[in-house]
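Please view the sequence and the structure first.

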Amino acid sequence: MTAQDLPLQDLPLNGIRVIDYSHFLAGPFMGRCLAAMGAEVIKVERPKQGDAGRAHGYFKDGQSGYFLQQNMGKQGLCIDLRDKRGLDMMMRLIDTTDVFIENYRPGALERLGLGYKALSARNPKLIYCSVSAYGHTGPYADRPGFGLIAEAMSGALAQLGNPGEAPPLLRMPLADMYTGIHGVAAINAALVGRASSGRGQHIDLALYDCMVAMHDYAVQRYFLSGGTDLPKQTGSGQPDSTVYGVFPAKDGNLVIAAQVDDAWRRLASLIGGDTLASDERFATPAARNAHYAEAMEIVRNWTQSQPSRDACLAALDEAGVPSAPVQTIEEVVKDPQIHARGMLVEQEHPVLGKVTLPNLPFRFSDCDTTVRTPAPLLGQDNRRIAASLGLSAELVETMVRDGVLYNEAAVQE
């Protein structure tokens with residue numbers, strides 16, 4: 001019997017319960033990933049407003065695409081924790097939970113009785129993951145912040161853009177998403193550790209820390225140079241890796257990665273024949289870096305002389321030079337590679353009907369992590385969760401009537 005003949009395995013986090021008490025992006029993305037891996041993720045929100053991400057566009061029929069993308073596969077509980085009945089229900093839920101995710105400013109949840117010390121005293125096996133701008137220690141711990149703050153503080157923005165100009169925004173939430181996936185890794189590691197220790201623990205993740213950890217070159221370069229060598233804004237190229245950058249064609253842009261010797265020789269032979277391929281100015285990485293402006297101009301002149309971007313790419317591909325188009329989002333969602341890899345997922349939403357959203361990149365040989373269920377409507381699973389915790393039907397009805405349990409009008413009760 002081969003592996004292909006065996007039935008699919010259960011998803012790896014099947015049987016793990018997660019409370020996602022977070023908002024906007026890093027925490028919700030973390031919960032979304034855990035749900036895709038099989039965890040039961042309960043999204044806990046405040047009455048009426050819910051997660052602040054619900055107020056973040058793009059909107060259709062009153063529903064936020066931003067919220068839909070980061071909260072698919074979860075159950076929805078909307079509860080007023082300022083009411084004793086709501087807090088008591090939340091504590092019952094915590095007693096049955098493996099992982100608690102939050103991304104409030106340090107100290108905020110202690111005032112509600114939902115800090116790590118209080119919850120771990122109730123449930124010693126609880127893994128409690130906090131996400132904040134600067135972490136729970138250090139002189140900046142009390143400062144508020146978002147991904148942009150961490151990206152600016154980390155030195156990442158200072159390397160972007162053209163010399164002397166204000167750096168552009170990244171336009172993708174690098175700090176939030178990178179922190180979120182670090183949280184997924186840390187939570188899974190803590191679950192493995194709990195299997196032998198029997199104890200949970202507090203995971204303290206900072207957006208700022210994660211951005212600094214991402215530096216592959218700048219920090220070690222600073223220290224190894226004795227503090228004399230700092231990264232500079234270099235626009236669409238990288239002078240320390242020639243040729244590696246963005247180049248214009250007549251009808252668009254493309255990237256070329258020919259910074260290693262073999263790739264450079266193939267590129268040089270394509271655009272300048274044996275003369276350029278044997279030119280001593282470009283014979284080694286150090287020589288190419290020393291003649292960066294000349295090398296970039298030669299390549300740029302060639303890309304602009306070709307009939308089109310696609311003609312450039314076809315010639316580069318034929319020559320074996322790594323390259324790619326700078327694609328628009330419309331090109332991305334129509335790309336056959338994206339479809340072949342299942343990177344778009346269709347879901348049936350109770351208000352919007354069919355929606356298409358980006359999938360997660362996890363690929364397991366023996367289980368399918370594609371989430372087919374959409375993000376919950378606000379308060380969608382209130383009654384079912386309350387009943388599963390042993391609350392009487394009478395108490396649940398009273399809590400609904402008093403607004404302790406709240407759901408939006410589209411929820412079918």
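Phe223 is exposed in this predicted model, its relative accessible area being 61%. Tyr222 is partly exposed, at 36%. How many aromatic pairs are there? The count comes to 10 aromatic pairs. In one of them, Tyr21 and Phe100 have ring centres 6.2 Å apart and planes at 50°. That angle makes the pair tilted, because edge-to-face requires planes over 60 degrees apart and stacked requires under 30.

Where do these two residues lie in the chain? Tyr21 belongs to strand E1 (residues 17-21) and Phe100 to strand E6 (residues 99-102), so the pair ties together parts that are 79 residues apart in sequence. Tyr21 is buried, with a relative accessible area of 10%. Phe100 is buried too, with a relative accessibility of 0%.

The rings of Tyr222 and Phe223 form a pair as well, with centres 5.2 Å apart. Their planes stand at 80°, so this pair is edge-to-face.

Tyr21 and Phe100 also belong to one aromatic cluster, together with Tyr104, Tyr116 and Tyr128.

Conventions:
Residues are numbered from 1 along each chain as its sequence is written. This is a predicted model: local features need pLDDT of at least 70, side-chain atom pairs count only at pLDDT 80 or more; totals for chains, interfaces and linings use all residues. Side-chain values use heavy atoms; hydrogens and water are left out. Rings of Phe, Tyr and Trp (its six-membered ring) pair if their centres lie within 6.5 Å; planes under 30 degrees apart count as stacked, over 60 as edge-to-face and the rest as tilted. Helices (H or I, at least four residues) and strands (E, at least two) are DSSP runs, numbered from the N terminus. Buried means under 20% relative accessible area, exposed over 50%, partly exposed in between (1.4 Å probe, protein chains only).
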